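Biologist: Hello! I am new to this structure. Could you show it to me and take a few questions?

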Amino acid sequence: MGLFPFIFLIVFGNVLLRVLRNLNETNRTRKIQGPVKDVEYREVTPQPQPQPAYVRSAKIQSLASDAAAQEKRIPVQSNRLYGIIHSTFGAGSLTGKKYLSVVNAAYEKIHAGHTTLLNMMQAFDEKGYVHLQQLINSGAHSYDNIDDSIQTEQLQLYEKQLDRMTEVLNANERIFLFLEKLALELQGMGSAKENQATIDLLNEIQSLIGDVKYYN
């Protein structure tokens, strides 16, 4: 009988441990399998993804900036040059009218050059040029399905268009240069009679603007 309480305690302890273990498992199951609350369904509207920034062509921006600067120079230079011609030859003199006619035609030529340049820029595929330039410069064009030689030729075509735009801009700049030379020469004249230097400059300007008439 002395061992019975000890054995009873051991057996009772084991049963108690099993009961506690079962209770714990039951609680876990209840927590996991508890009632699920209804969740309100909301339709999610997909948000538009931000588009990558459009990269502009540095060359096109430079050409546009230079053309705008030329336009701003026209009234500044022309007002000064008209004043010099008036003060040198007189506004109503035949010689004065001759010089004013050539100068006016020169500025009209510059305006026409800017119109041509604007049309060329509007027809230019700037986005395609920038994309192709980046593709070839990075070497990524070698891994697409387009023949490399075709892409290279296309880039050369874009660059040829840009070269033509630059030529128009430089043609205008050359006219500005000779108009400035004419202004300086007229300012240095000692009399109201034109000299060979001014005549040569007038002829050169005529040549630049494409006028077939030359003054002697």
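**A first look, in questions and answers**

Modeller: Gladly! The secondary structure of this chain comes to six helices and zero strands. Please keep in mind that the model is predicted.

Biologist: What percentage of the residues in the chain is buried?

Modeller: A residue counts as buried when its relative accessible area is under 20%. The chain has 216 residues, and the buried share of them is 28%.

Biologist: Let me turn to helix 2. Where does helix 2 have a kink?

Modeller: From its first C-alpha to its last, helix 2 reaches 45 Å with 32 residues, close to the 46 Å expected. Still, helix 2 has a kink of about 30° shortly before the proline Pro75. The kink lies at Arg73.

Biologist: Which helices do the buried residues of helix 2 pack against?

Modeller: The buried residues of helix 2 include Ile60, Ala67, Ile74, Leu81, Ile85 and Phe89. One of them, Ile85, touches residues including Tyr99, Leu100, Val103 and Leu186. Taken together, the buried residues of helix 2 pack against helix 3, helix 4 (126–138) and helix 5.

Biologist: Why does the span of helix 4 agree with its number of residues?

Modeller: Helix 4 has 13 residues, which at 1.5 Å a residue should span 18 Å. The span agrees because the end C-alpha atoms of helix 4 are apart by that very value, 18 Å.

Biologist: Which residue follows helix 4, with a positive phi?

Modeller: Tyr129, Val130, Leu132 and Leu135 are among the buried residues of helix 4, and its buried residues pack against helix 2 and helix 5. After helix 4 comes a residue whose phi is positive, near 85°. That residue is Gly139.

Biologist: Now a loop: which side chain does Glu194 join through a polar contact of 2.7 Å?

Modeller: Glu194 is found in the loop between helix 5 and helix 6. Its contacts, leaving aside neighbours within four places in sequence, include Phe89, Thr95, Met189 and Ile199. The Glu194 side chain also makes a polar contact of 2.9 Å with the side chain of Lys98. At 2.7 Å, the partner is the side chain of Tyr99.

Biologist: One more: why is Arg174 called partly exposed?

Modeller: Arg174 lies in helix 5. Buried would need under 20% relative accessible area and exposed over 50%. Arg174 falls in between, so it is partly exposed, with a relative accessible area of 43%.

Biologist: And how far apart in space are Arg174 and Leu208?

Modeller: In sequence, Arg174 and Leu208 are 34 residues apart. In space, C-alpha to C-alpha, the separation is 7.9 Å.

Note on methods:
Residues are numbered from 1 along each chain as its sequence is written. This is a predicted model: local features need pLDDT of at least 70, side-chain atom pairs count only at pLDDT 80 or more; totals for chains, interfaces and linings use all residues. Side-chain values use heavy atoms; hydrogens and water are left out. Contact means heavy atoms within 4.5 Å. Helices (H or I, at least four residues) and strands (E, at least two) are DSSP runs, numbered from the N terminus. A polar contact is a pair of N or O atoms within 3.5 Å; within protein, one must be able to donate a hydrogen and the other to accept it, and residues adjacent in sequence count only if both atoms are side-chain atoms. The expected span of a helix is 1.5 Å times one less than its number of residues. The bend at a residue is the angle between axes fitted to the seven residues ending there and the seven starting there. Buried means under 20% relative accessible area, exposed over 50%, partly exposed in between (1.4 Å probe, protein chains only).
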